[in-house]
Amino acid sequence: MADNNRNKLLVPGAENAVNKMKEEISSELNVELGADTTARENGSVGGEMVKRMIKIAEESMANGNNH
């Protein structure tokens, strides 16, 4: 079966960190991710993940860590 996931992670091992972040945020927002959950609820987890990743990147750049 072909791999239909086009969201390729560029950093080896990042998948575990992303999944952990997703689980933590879904728990914080009291959202059970899955097909039976509304797109709005599932999307709220993804949106919060993006916000936090941007914050992490900004803090890293501010501290001179450009990688």
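Colleague: Hi! Where is the place of Ile54?

Modeller: Ile54 sits in helix H2, which covers residues 39-62. Keep in mind that this is a predicted model.

Colleague: Thanks. Is Ile54 buried, exposed or partly exposed?

Modeller: Ile54 is partly exposed, since its relative accessible area is 45%.

Colleague: And which residues make up the nonpolar surface patch?

Modeller: Val50, Met53 and Ile54 make it, and the patch comes to about 250 Å².

Colleague: Let's zoom out a bit. How many helices and strands does the protein have?

Modeller: There are two helices and zero strands.

Colleague: What share of the residues counts as buried?

Modeller: The figure is 13% of the 67 residues.

Colleague: What about contacts between residues 24 or more positions apart?

Modeller: Among the protein's contacts with a separation of 6 or more, such residues account for 30%.

Colleague: Nice. Switching to charges now: how many salt bridges turn up in the whole structure?

Modeller: The search finds two. In one of them, the side chains of Arg52 and Glu28 meet, with 2.5 Å from N to O.

Colleague: Which parts of the chain does that pair link?

Modeller: Distant ones: Arg52 belongs to helix H2 and Glu28 to helix H1, residues 14-28, and the two are 24 residues apart.

Colleague: Which side chain meets Glu48 in a salt bridge?

Modeller: Arg52 again, at 2.9 Å from N to O.

Colleague: One more on Glu28: does it count as buried or exposed?

Modeller: Glu28 counts as exposed, because its relative accessibility is 52% and the cut-off for exposed is over 50%.

Colleague: And why is Arg52 put down as partly exposed?

Modeller: Its relative accessible area is 27%. Partly exposed is the class between buried, under 20%, and exposed, over 50%, so Arg52 belongs there.

How values were computed
Residues numbered from 1 in each chain as written. Predicted model: local features only at pLDDT ≥ 70, side-chain atom pairs only at ≥ 80, totals over all residues. Heavy atoms only, no water. Patch = residues over 30% accessible without salt bridge, like charges linked within 9 Å, V, L, I, M, F, W, Y side chains within 5 Å. Areas by Shrake-Rupley, 256 points an atom, 1.4 Å probe, with all protein chains shown as cover. Salt bridge = Lys/Arg side-chain N within 4 Å of Asp/Glu carboxyl O. Helix = DSSP H or I, 4+ residues; strand = E, 2+ residues; numbered from the N terminus. Buried < 20%, exposed > 50% of the residue type's maximum accessible area, 1.4 Å probe, protein only. Contact = heavy atoms within 4.5 Å.
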